[in-house]
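Please look over the sequence and the structure shown here before reading on.

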Amino acid sequence: MVKIKEAILVEGRYDKNTLSQIVDAPILETNGFGIFKDKKQMALLRQVAEKRGLIVFTDADGAGFVIRNHVKSAIPGKYLKHAYTPDIFGKERRKDKAGKEGKLGVEGMKPEIILEALRRAGATIEGEDVPAANAITKQDLMDLGLSGGPDASARRLALLKKLNLPEHMSANALLQALNLLYSLDELTTIIDQLENNHG
C-alpha cells in the first residue's frame with residue numbers, strides 16, 4: 001500500500017474501490033456528471049484541495065475530460081495535480097460492453113499503471129523524493145512544433161501516443177506532464193526520434 005499525502009478525486013465508486021486497494025489516501029468521487037449540480041461536494045473538494053492538495057484522476061475518455069475541466073474551472077490550479085491513464089482499449093470485467101470510446105477507465109487499470117500515473121502527476125508519496133520541476137515553457141513547445149504551427153496538433157498527437165498519454169490532453173496539460181517527466185534536452189531527443197521515424 002502506497003501512502004499519498006494528497007486527496008484523490010475519481011469519477012465513481014468502482015474507481016474508488018480500485019484505488020483503495022493500491023493507495024492509502026483520501027479518495028473522493030464526482031459521481032460522474034453529478035459534480036455539475038452538487039455545490040456542496042464542490043465546496044468540499046475546494047476545501048480539501050486547499051488543505052492537502054487534490055489529484056484529479058478521471059478516465060481518459062471525453063466524459064472524463066469534461067469532468068476534469070469542470071473541476072479545473074472551479075478550483076485554483078495551484079491546489080490541483082492531474083493524473084492521466086494511458087489510452088488502453090478494452091472493457092472492465094463488470095461491464096457487458098466497452099464504453100463509448102472503447103477505453104478502459106481508472107477502474108480497469110493495473111496497479112502499476114495507476115501508481116505510474118500518480119507519480120507522473122507529482123503525487124507526494126511517503127518515502128519518495130519529489131522530482132525537481134524542469135522548466136519546459138510554452139515557447140519551447142512552439143519551437144519544437146508542438147503548438148501554434150500548421151502541423152502542431154498532428155505532432156502533439158504523435159508525441160502523446162509515444163509517451164503513452166491520453167489523446168484528449170490539451171497543450172497546457174501536456175506541458176504540465178512534460179515538466180513532471182522530462183528535461184528539455186530529453187524532450188528534444190524524443191521529438192528528434194519521432195521525426196527520424198516518420199522522416
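The crossing is left-handed, a term used if the near helix is turned anticlockwise from the far one by less than a right angle, and right-handed if clockwise. Helices (H or I, at least four residues) and strands (E, at least two) are DSSP runs, numbered from the N terminus.

On the α6 side, Arg156, Leu159 and Leu160 are in contact with Ala171, Leu174 and Leu178 of α7, contact being heavy atoms within 4.5 Å. By class, five nonpolar, no polar and one charged residues make up this contact, where Ala, Val, Leu, Ile, Met, Phe, Trp, Tyr, Cys and Pro count as nonpolar, Asp, Glu, Lys and Arg as charged, and the others, Gly among them, as polar.

Residues are numbered from 1 along each chain as its sequence is written, and side-chain values use heavy atoms, with hydrogens and water left out. As the model is predicted, local features need pLDDT of at least 70 and side-chain atom pairs count only at pLDDT 80 or more, whereas totals for chains, interfaces and linings use all residues.

## Salt bridges across the chain

The structure holds nine salt bridges, each a side-chain nitrogen of Lys or Arg within 4 Å of a carboxyl oxygen of Asp or Glu. One of them joins Glu6 to Lys81, with the closest N and O atoms 2.8 Å apart. This pair links distant parts of the chain, with Glu6 in the loop between β1 (2-3) and β2 (7-10) and Lys81 in strand β6 (residues 80-82), 75 residues apart. Glu6 is buried at a relative accessible area of 3%, while Lys81 is partly exposed at 23%; buried means under 20% relative accessible area, exposed over 50%, and partly exposed in between (1.4 Å probe, protein chains only).

Another salt bridge brings together Lys103 and Glu167, whose closest N and O atoms are 2.8 Å apart. Here Lys103 sits in the loop between β6 and α4 and Glu167 in the loop between α6 (152-162) and α7 (171-181), 64 residues apart. Lys103 is buried, with a relative accessible area of 8%, and Glu167 is partly exposed, with 39%.

Glu107 counts as buried at 17% relative accessibility, whereas Arg94 is partly exposed at 43%.

## α4 and two glycines

In α4, the buried residues are Ile114, Leu115, Ala117, Leu118, Arg120 and Ala121. After this helix comes Gly122, whose phi is positive, near 90 degrees.

Gly12 lies in the loop between β2 and α1 (13-20), and Gly12 is buried, with a relative accessible area of 17%. Its C-alpha atom is separated by 19 Å from that of Ile88, which is 76 residues apart from Gly12 along the chain.
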